Amino acid sequence: GNDAAVTCGCQWDAQHNTNKIAVHRIWRQPKKPPLVRLNKIVNRMKPFVVIRKHDNQDNVALQRLIREFVMSGAWEAFVSCLFREITLQLIVLGWALMFIFFGIPLYMCALAIPCVILLIWFTVYGSYYNKSTELALRPSKLCWVAEIYEPLLAMNAKAQAANIERCYTDRPGPEVQQELGKMRKNIIGTISCRNHLAMDNAGFITRLAVSSKYGLTPVTEYLIQRVLQYASDSQLYAIETVTSECDQDVREIYLKIGFNIRQVYHKQIIGNTLKVMKSQLGIDLHEWNQNREEINVEVPVE
C-alpha cells in the first residue's frame with residue numbers, strides 16, 4: 001500500500017512538473033519582432049508604375065535623372081577606350097617626345113603611361129558630361145515619365161522594382177486608390193519621341209533614361225511600350241532608335257520587345273583611329289500590332 005501511494009505521488013509530481021514546464025514554455029514563447037510584422041504589412045502593398053506625360057514641375061527631376069543615367073556609362077566607355085589601339089599609340093608618342101625633345105631619361109619616360117591613362121579618363125568623362133548636359137537641357141514636346149508608387153517604409157529599391165506587376169497609363173487605377181495614402185511616388189524613368197529626320201510618318205526614340213537604383217527592367221519595357229502605343233494611335237508606320245556598343249543591356253530590351261537591327265555602323269570620333277560602334281534599331285508598327293500578344297511585355301492598362 002505504501003509503495004502504491006509513493007508511485008501515484010511520483011506520477012502526479014511528474015505530470016504537475018510537465019504541465020508547469022509546458023505553461024512556462026508557452027508563457028516564454030517570444031513574440032515576433034516589430035520588423036517582421038512591418039515587413040508583412042509592407043509586402044501587402046506591392047509597388048506599381050504610372051506612365052504619364054511630363055509636367056513642367058518634373059523638369060528638375062528629369063534633368064538629374066538623365067545626367068545620372070548618361071554618366072553611369074562613363075566608366076565602361078573608359079575601360080573600352082583603354083584597350084584600344086589609340087592608347088598604345090599615345091603612350092609611344094608621349095614616350096618619344098619626352099626622350100627626344102626634352103632629354104628625359106628613358107626609364108623616366110614611363111611616366112607617359114599614367115599621363116595617357118589620365119588623358120583618356122578626362123576626355124571620356126568630359127564628353128559624357130557634355131552629352132548628359134545637352135540631353136538634359138534639350139526640350140522635347142513628346143516626353144513621358146515613369147513614376148513608381150511604393151510603400152513609405154520600403155528600403156531596397158531594386159527589390160521593389162522586381163515586385164512591380166502593374167503598370168497604369170496617366171493615373172493609378174481605381175483598385176489602388178485606397179493604398180495611395182500609404183505610398184510614396186518617385187520619378188524613376190523617362191523617354192521622348194520626335195519625328196524621324198530621314199523617314200516620313202515615322203518616329204525616333206530619344207532621351208531614354210532609367211534610375212540605376214531600380215534597374216532597367218521592367219520600367220524600360222513599360223516606357224518603350226508606351227511610345228509604341230502612342231505611335232500606333234497616331235498612325236505612324238515605324239519607330240527607330242540608335243544604341244551604342246556600351247548600351248548592350250538597353251539594346252537587348254529593344255530586341256526583346258520586337259525591334260530589329262536595321263544596320264550596324266561605326267561613328268568616327270578621331271578619324272579612323274577611334275570609332276564607336278552604333279546599332280540602328282527599328283520596328284514596324286503594323287507587324288508589332290499583329291504580334292503584340294506574343295511579345296513578353298504587357299501593354300500598360302488604362
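A salt bridge is a side-chain nitrogen of Lys or Arg within 4 Å of a carboxyl oxygen of Asp or Glu.

Now the ground rules. This is a predicted model, in which local features need pLDDT of at least 70 and side-chain atom pairs count only at pLDDT 80 or more, while totals for chains, interfaces and linings use all residues. Residues are numbered from 1 along each chain as its sequence is written, and side-chain values use heavy atoms, with hydrogens and water left out.

Leu106 sits in the loop between helix H5 (85–100) and helix H6 (112–137); helices (H or I, at least four residues) and strands (E, at least two) are DSSP runs, numbered from the N terminus. Leu106 has a relative accessible area of 49% and is partly exposed, given that buried means under 20%, exposed over 50%, and partly exposed in between (1.4 Å probe, protein chains only).

Next, the rings. Rings of Phe, Tyr and Trp (its six-membered ring) pair if their centres lie within 6.5 Å; planes under 30 degrees apart are stacked, over 60 edge-to-face, and the rest tilted. There are eight aromatic pairs in the structure. One of them, Phe78 with Trp121, is edge-to-face, at 5.4 Å centre to centre and 80° between the planes. Phe78 is in helix H4 (residues 74–82) and Trp121 in helix H6, so this pair ties together parts 43 residues apart in sequence. Phe78 is buried, at 7% relative accessible area, whereas Trp121 is partly exposed, at 28%. Tyr254 and Phe259 are also edge-to-face, because their ring centres are 4.9 Å apart and their planes at 75°. Tyr254 is buried, at 2%, and Phe259 is buried, at 2%. Trp75, Phe78, Trp121 and Tyr125 form one aromatic cluster.

What about the interior? A nonpolar core is a set of buried Ala, Val, Leu, Ile, Met, Phe, Trp, Tyr and Cys residues joined through side-chain atoms within 4.5 Å. The largest one has 32 residues, of which Ile224, Leu228, Ile239 and Phe259 touch the most other members. Helix H8 (219–233) is among the elements supplying at least two residues each, as are strand S1 (48–53) and helix H9 (248–257). H8 gives the largest share, seven residues.

The N to O distance is 2.9 Å. Glu245 is partly exposed, at 24%, and Arg84 is partly exposed, at 25%.

Another salt bridge joins Lys256 and Glu221, at 3.0 Å, N to O. Lys256 is in helix H9 and Glu221 in helix H8, so this pair ties parts 35 residues apart. Lys256 is partly exposed, at 40%, while Glu221 is buried, at 7%.
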